[in-house]
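The exercises below are to be worked with the sequence and the 3D model open side by side. Each task is followed by a solution in steps.

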Amino acid sequence: MGVRKENTMTKQTTLYAAYATKTHAALEALEADGVLPAGTSFANVTLEPPRDASHGDLATNAAMVLAKQAKTNPRALAEQITAKLEADPSITSAEIAGPGFINLRLDPSAWLAELSAIAASGADYGRSDTGKGTRVNVEYVSANPTGPMHMGHCRGAVVGDALASLLEFGGHEVTREYYINDAGGQVDVLARSAHLRYREALGEDIGEIPEGLYPGDYLKPLGEHLASELGDRFKSASEEEWLAIFRAEAVTAMMELIKADLALLGIHHDVFSSEAALHAAGKPDEAEAWLREHDLVYDGVLEAPKGKAPPEDWEPVELPLFRSTKYGDDQDRPIKKSNGSWTYFGADLAYHMQKAENADALIDIWGADHAGTVKRIKAAVAALSAGQGQPIPFDVKLVQMVQLLRGGEPVKMSKRSGTFVTLADVVGEVGKDVVRFTMLTRKPEAQMEFDFAKVVEASKDNPVFYVQYAHARIRSTLRKAADAGLGPSDENLAQLGEEELALIKRAAQFPREVEAAAKAREPHRIAFYLYDLASELHAFWNLGNDSPQKRFILEQDAGLTGARLFLADAIGQVIRNGLGVLGVEAVESM
């Protein structure tokens, strides 16, 4: 957690926020004493758990980063900082380590107070207002509307949705957006495929699906619907008579299918933006006019392809080019094709200009196969948003594909889709929560394998099970205690020992993990944290197998039992809060 003059507090004063404030106060006192010069910046000062828990409870780099401004050496400054911090009765020691790091040890009462804060905050523990007043547009999925969702879309969908929830938990105002690519050639292919199924529904033997059309059975209901609504008047009509009608009907039907598939994962978007509507509204023309007015688009000739002789049919053609090299790209990019139609980049540029009108920050979740277009769209957003006042923060998260396995063997394709495994099939087999959590067990840019056998395995090696089992264990324990007339109580928390305090210390990291994950735009950090918290809960639980006095329920000691149940209940609350951010249910039993 950073310690800075513009000290932004979370909604509830969590332990890390409280001690960041105490450190801030100690540094201000040294500034008042003349040890630190007036106006010293505390922006790079951090307060976090030490890497080695044996070194203490909290560590700060304050002396290291401020020594130069104070014109002294870090250890000398550290001595003066520790003297200020040790005056706080809740800090039992402030020790200087290495070249000037400061390790703090807290009185156990500080951790017990945080345990009570978890209970008092409940579902709001970890929630903050650090993003208050910031509107963030998160665009994710945006699959072509040509068929049902497949597992190639799944990971980006989960990452985007979890990121949106994480940002909301951090106080941001979030818009979840889906960009419908309904203006390209693939939509014409969809319309032709729908027309074929329409003819089939009218009784025609269509035989094998011609190459180049979509073969999946999912188009049969659409064909039947069109036959029912339109009769046979387009059965033998020319393509120009029916293409636009079938295209609109097919896109509508496919988007309903996609929305239903996403709902299986608990995903619902706020806005569905149409590329076709973007063109119809003249947005690309508006963007080009603005860019030309600011000398960011010019008519020029693209260089011949590099690294090899240009194709025989290559000719230099004058095209409108966006000056993306001005913003770090390796070449300027055409916004129109030689036939005058818009390039995908030209339309995408206008789409992002439209999004930026109603957001303070933009985040796109893309498949890793789009990595080559990141520089140019970032350049476009930088240019457009700078022209509208100030550059708008824009982040593109690339997500690798998922390899589906069953017992280590690649999974065969789905008959219904024709070419891929549908998301609905996977969710139907293993459940929403397993799919969502599994998609967040690795960094999105890392390759991932999804093995149907392993994701439902009841073992420590399966993070989904391990975290869910921790929560189920806690809930089972609380129910068992209630049957015995026992329950959580904060009256005897002082009886908790070192093992219990270690568990509290892990739980107390949740608010800072949320803040760090939101800042980095990395929801997988919450999944990693929950696994660590669950591991420590299971480790403490297992102590009771060897030593009965370490069990949560001690019928002969109601005071200690109440304290341990209070601890268990709080840990369960943190797990629920973390799973809630990820869109995963915290189960009551397993």
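**Exercise 1. The chain as a whole**

What percentage of the 590 residues in the chain is buried?

Solution. The model is a predicted one. Step 1: buried residues account for 49% of the 590 residues, where buried means under 20% relative accessible area. Step 2: along the principal axes, the C-alpha atoms fill a box of roughly 85 × 65 × 40 Å. Step 3: the chain holds 19 helices and 16 strands. Step 4: the domain assignment lists domain 1 (15–106), domain 2 (135–181 + 268–399), domain 3 (185–264) and domain 4 (462–582). Step 5: between the C-alpha centres of domain 1 and domain 3 the distance is 67 Å.

**Exercise 2. Helix 1**

Solution. Step 5: Gly34 follows the helix and has a positive phi, near 90°.

**Exercise 3. Two sets of strands**

Solution. Step 1: strands of a sheet pair through backbone hydrogen bonds, in either a parallel or an antiparallel sense. Step 2: strand 6 and strand 7 (residues 173–180) are parallel and share five bridges. Within this pairing, Glu139 has Glu177 of strand 7 as its bridge partner. Step 3: strand 6 (residues 135–139) has four of its five residues buried, so the rest of the structure largely encloses it. Step 4: the three strands in the order 15-14-16 form an open sheet with mixed pairing. Strand 15 (409–410) and strand 16 (448–451) are the edge strands; each has a single partner strand, so one side of each lacks a neighbour in the sheet. Step 5: strand 14 (residues 402–406) runs parallel to strand 16, and four bridges join them. Among the residues involved, Gln403 has Glu449 of strand 16 as its bridge partner.

**Exercise 4. The largest pocket and helix 5**

How many residues line the largest pocket, and which helix gives the largest share of the lining?

Solution. Step 1: the largest pocket contains about 880 Å³ of space. Step 2: its lining has 40 residues, and those nearest the centre are Val141, Ser142, Ala143, His153 and His370. Step 3: by class, 16 of the lining residues are nonpolar, 18 polar and six charged. Step 4: domain 2 and domain 3 each contribute at least three residues to the lining. Step 5: helix 5 (151–169), helix 11 (344–356), strand 12 (361–367) and helix 12 (374–387) each give at least two. The largest share, five residues, belongs to helix 5. Step 6: Ala162 is also placed in helix 5. Ala162 has 0% relative accessibility and therefore counts as buried. Ala162 and Ile267 are separated by 105 residues in sequence, while their C-alpha atoms are 9.4 Å apart.

Notes. Residues numbered from 1 in each chain as written. Predicted model: local features only at pLDDT ≥ 70, side-chain atom pairs only at ≥ 80, totals over all residues. Heavy atoms only, no water. 1 Å grid on protein atoms, 1.4 Å probe; cavity = no way out; pocket = protein on both sides within 12 Å on 5 of 7 lines; lining within 4 Å. Points joined across faces, edges and corners; volume = space filled by probe spheres on them. Nonpolar A, V, L, I, M, F, W, Y, C, P; charged D, E, K, R; others polar. Domains from an automatic or database assignment. Buried < 20%, exposed > 50% of the residue type's maximum accessible area, 1.4 Å probe, protein only. Pairing = 2+ DSSP bridges.
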